[in-house]
Amino acid sequence: MIDFEEELKNFQPSLEVGEAEEAIHNHELTDMTDILQEMIKEARRNR
């Protein structure tokens, strides 16, 4: 059976959209665009 009081103790609210955007941008994450750009640079160096 679910203990709602215990679940509420563990609850952490999600970030607001603005806070989430800031957190994402501050982590310097590599995305597919970064990977593709690096692959293109490497291919041009190896010609």
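1. Three helices and zero strands make up the secondary structure of the protein chain, in the order α-α-α along the sequence; helices (H or I, at least four residues) and strands (E, at least two) are DSSP runs, numbered from the N terminus. The C-alpha atoms fill a box of roughly 65 × 25 × 10 Å along the principal axes.

2. This is a predicted model, in which local features need pLDDT of at least 70 and side-chain atom pairs count only at pLDDT 80 or more, while totals for chains, interfaces and linings use all residues. Residues are numbered from 1 along each chain as its sequence is written, and side-chain values use heavy atoms, with hydrogens and water left out.

3. The mean pLDDT (the predictor's confidence in each residue, from 0 to 100) is 85 for the protein chain, with 100% of its residues at 70 or more. Confidence is lowest in helix 2 (residues 17-25), at a mean of 77, and highest in helix 3, at 92.

4. Of the 47 residues in the protein chain, 0% are buried, where buried means under 20% relative accessible area, exposed over 50%, and partly exposed in between (1.4 Å probe, protein chains only). M39, which is found in helix 3 (residues 32-45), counts as exposed because its relative accessibility is 51%.

5. The mean positions of the 5 positive and 13 negative charges of the protein chain lie 21 Å apart; Lys and Arg count as positive and Asp and Glu as negative, without His and the chain ends, and each charge is placed at NZ of Lys, CZ of Arg, CG of Asp or CD of Glu.
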